[in-house]
Amino acid sequence: MKIIGLIGEPAAGKSTVMRKLLEQLGPGEIIKEGLVVHTVYPENKVVVAGIYDEQVFSGTDRMSKACGPKVREWLTEANANSAYDGWTYYFEGERYSNSKFFDFFFNECDDVTVYYLEADENTLNERNKARSNQNDSWRKGMRTRMNNLRNGYPVKVVQQGFALP
């Protein structure tokens with residue numbers, strides 16, 4: 001199973017990039033297995049972490065912060081299952097953006113690409129205005145965390161306008 005991830009600072013446009021991919025895929029089937037939530041597109045051999053809808057916070061942002069071990073377990077099983085040969089697993093956002101996930105991805109999975117979506121300060125500031133529940137301290141912490149991942153793992157930096165493969 002190929003794994004493609006998209007990380008970046010809050011309000012960089014990760015969910016927007018993901019929604020563009022999903023528009024191309026068409027309707028998917030939402031599957032909830034305990035704390036793990038995926039949207040599946042069998043005809044395209046694609047699994048997307050989370051649920052994407054019209055809410056400001058969608059994708060993996062609506063998953064429990066405790067989902068990590070179950071997601072890694074699901075991915076380990078899927079990677080070992082020949083039924084998922086040729087499939088692609090997409091993720092974006094905070095829930096998967098930590099060293100435990102990245103160590104797992106880069107040490108336990110064969111085909112992993114993670115992109116870091118950059119956005120200019122003006123874009124980040126404008127988008128953050130709409131997110132009143134994300135304070136400056138939290139955003140600063142997330143910026144540090146994303147930059148640590150960007151600098152500590154083989155992540156590809158991309159700019160606004162990027163489309164997921």
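In the predicted model, the contact between helices α2 and α3 is formed by G68, V71, R72, L75, T76 and N79 on the α2 side and by K100, F101, F104, F105 and E108 on the α3 side. By residue class, this contact comprises five nonpolar, three polar and three charged residues.

The strands considered here belong to an open sheet of seven strands with mixed pairing, in the order β2-β3-β4-β5-β1-β6-β7. Strands β2 (29–33) and β7 (155–158) form the edges, each pairing on one side only. From one strand to the next, the twist averages 25°.

Within this sheet, β6 (residues 111–117) is paired with both β1 and β7. The pairing of β6 with β1 (residues 2–7) is parallel and involves six bridges; in this pairing, G5 is located opposite V114 of β6. The pairing of β6 with β7 is likewise parallel, with four bridges joining the two strands. Here L117 has V158 in β7 as its bridge partner. Of the seven residues of β6, six are buried, so the strand is largely enclosed by the rest of the structure.

Technical notes. Residues numbered from 1 in each chain as written. Predicted model: local features only at pLDDT ≥ 70, side-chain atom pairs only at ≥ 80, totals over all residues. Heavy atoms only, no water. Pairing = 2+ DSSP bridges. Axes fitted to C-alpha atoms, helices over the stretch in contact; angles between N-to-C directions. Contact = heavy atoms within 4.5 Å. Nonpolar A, V, L, I, M, F, W, Y, C, P; charged D, E, K, R; others polar. Buried < 20%, exposed > 50% of the residue type's maximum accessible area, 1.4 Å probe, protein only.
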